[in-house]
Amino acid sequence: MSSFLLQRTPSMLYQNVISYKANIHIKTAKCFCNTTQKQDNTYVEILGIKYPTDTTTNVTPRILSKIGWNLHHNKRNPLFLLKERIKKHMYTSFKKSTGNPVFSIFDNLSPVVTLDQNFDSLLVPQSHVSRRVSDSYYINSSYMLRAHTSAHQRDLLQMGFDAFMVFGDVYRRDAIDKSHYPIFHQADGLRCFTQRQVFENVRDSTDLQLFENSKRTPEKQEKHSMDTAKLIEHDLKQTLLSLAYYLFGKDIKARWVEATFPFTHPSWELEIWYYNEWMEVLGCGIVEQAILDKAGACNKVGWAFGLGLERLAMKLYEIPDIRLFWSKDAGFLNQFNIQDYEIAIKYRPISIYPPCINDISFWIPDNYHENDFYDLVREVGGDLVEQVNLFDSFFHPKKMMNSHAYRITYRSMDKTLTQDEVNSLHSQIGQKAEQKLCVDIRDK
């Protein structure tokens, strides 16, 4: 479930990253096929801070150039509209006795985090796929670009916040198609409760306790009483159903699907019946008590959830291609330049340009990772690449080698590409694949 999983020290947590491009310097290029090469006197500069590179570094200039764009701050971007709708619902629906909002909102936290913040603080196992260099963007062996906004949970809990939401950009190495982009945006929420808050609506709660020493079951954690687990589950599901009804309408059908995440137990995904199919809205669960204990909230229990803004915005506003969120075209942005965020908006295509399709095939080395090729294609072709499909792979018994064949679809969002333009890009992709990934192009 991509929206819920998958930093920097607390003193760096509130670094200002408002709407400017990151100042990026990469002193030397890195060859993926020689990951042991020396990286002396090299660094990457992000948001004014220099980070030394090492053999773990895999961030590309194109990815780094996107840091600081903060699409969720752009008032003409649909991600901003969705963020503001979610904020409005959480502010107005959940208030303290004083009238103040229950949830604090953070939408300007730096995307540079430590591995400890992104993984260890959330109990992500060492063997988990998200830790692989082929799946996440590493600045070096200590720092990375966050793979989820949950990376800030421990810091905020340690600062004394017990109900908050975090909005921000997250980074994952992924395939290339209309619904996947290496940078997307998440909303992550967490709420903690004391014993008094958990049982305040129970008539006779004299003998009820938050904690007990028992066995972990599918319904609860070993430290939680069954009463605690059921009451927290009820509050979580009622909160998230109210958000789903607010965004998609009160008449939608919804269902809960059991799930598994490293940082919550039990866990669920919320799905709704939308446009004649079940659509995942978010992932959630009861926070692992070990996370709260280590953050200094050992006398509390809590729930958490996470959702992907692009996934929901594409459905709500009928946006067909994830690349459009990065568009600077006024014809796109002006459609979402509204004062009333509750107005129903459906994206109107500006124009549709024809695709150009080229194939490339090559023999791959033993240390080849598809995500390295996808990053290379993005580095050369940028947002002119709409999709990359692996359409054939085979093992040659005589050569003792594996072959991959990819079909690359090129399509501009704002003009018709010529075949000559596409051939030039395609040729550069082949040359760089040989240089950086040590592949052997077939049928040269």
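I looked up the bridge partner of Ile360 in strand 14 and found Tyr406. The model is a predicted one, so I note that local features need pLDDT of at least 70, side-chain atom pairs count only at pLDDT 80 or more, and totals for chains, interfaces and linings use all residues. Residues are numbered from 1 along each chain as its sequence is written, and side-chain values use heavy atoms, with hydrogens and water left out.

Helices (H or I, at least four residues) and strands (E, at least two) are DSSP runs, numbered from the N terminus. Two strands pair if DSSP finds at least two bridges between them. Strand 12 (residues 356–364) runs antiparallel to strand 14 (residues 401–410), and 9 bridges join the two. Strand 12 also pairs with strand 15 (residues 440–441), again in the antiparallel sense, over 2 bridges. There I found Phe362 opposite Ile441.

I then checked cover, taking buried as under 20% relative accessible area, exposed as over 50% and partly exposed as in between (1.4 Å probe, protein chains only). Cys356 is buried, with a relative accessible area of 9%.

**Aromatic pairs**

I counted rings of Phe, Tyr and Trp (its six-membered ring) as paired if their centres lie within 6.5 Å; planes under 30 degrees apart are stacked, over 60 edge-to-face and the rest tilted. The structure holds 21 aromatic pairs. The rings of Tyr181 and Trp326 have centres 5.5 Å apart and planes at 25°, so I logged the pair as stacked. Tyr181 sits in the loop between strand 6 (163–171) and strand 7 (183–193), and Trp326 in the loop between helix 8 and helix 9 (330–333), so the pair links distant parts of the chain, 145 residues apart. Both Tyr181 and Trp326 are buried.

Trp363 and Phe394 form an edge-to-face pair, 5.7 Å centre to centre with 75° between the planes. Trp363 is in strand 12 and Phe394 in strand 13 (residues 385–396), so this pair ties together parts 31 residues apart in sequence. Trp363 counts as buried at 9% relative accessibility, whereas Phe394 counts as partly exposed at 31%. I also noted a cluster of Phe362, Tyr368, Phe373, Tyr374 and Tyr406, linked by ring pairs.

The expected span of a helix is 1.5 Å times one less than its number of residues. For the 23 residues of helix 6 (residues 226–248) that should be 33 Å, and I found the end C-alpha atoms 32 Å apart, which agrees. Gly249 follows helix 6 with a positive phi, near 110°.

In helix 8 (residues 309–316), 6 of the 8 residues are buried, among them Leu309 and Met314. Glu318 follows helix 8, and its phi is positive, near 55°.

**Cysteines**

I searched for disulfides, defined as a pair of cysteine sulfur atoms within 2.5 Å, and the count came to 0. The closest cysteine sulfur to that of Cys192 is in Cys298, 11 Å away, too far for a bond. Cys192 is buried, with a relative accessible area of 4%.

**Whole chain**

I counted 11 helices and 15 strands. The radius of gyration is 23 Å, close to the 22 Å that the globule rule gives for 444 residues, so the chain is as compact as a globular protein of that length. That radius is taken over C-alpha atoms, and the rule is 2.2 Å times the number of residues to the power 0.38. Of the 444 residues, 54% count as buried.
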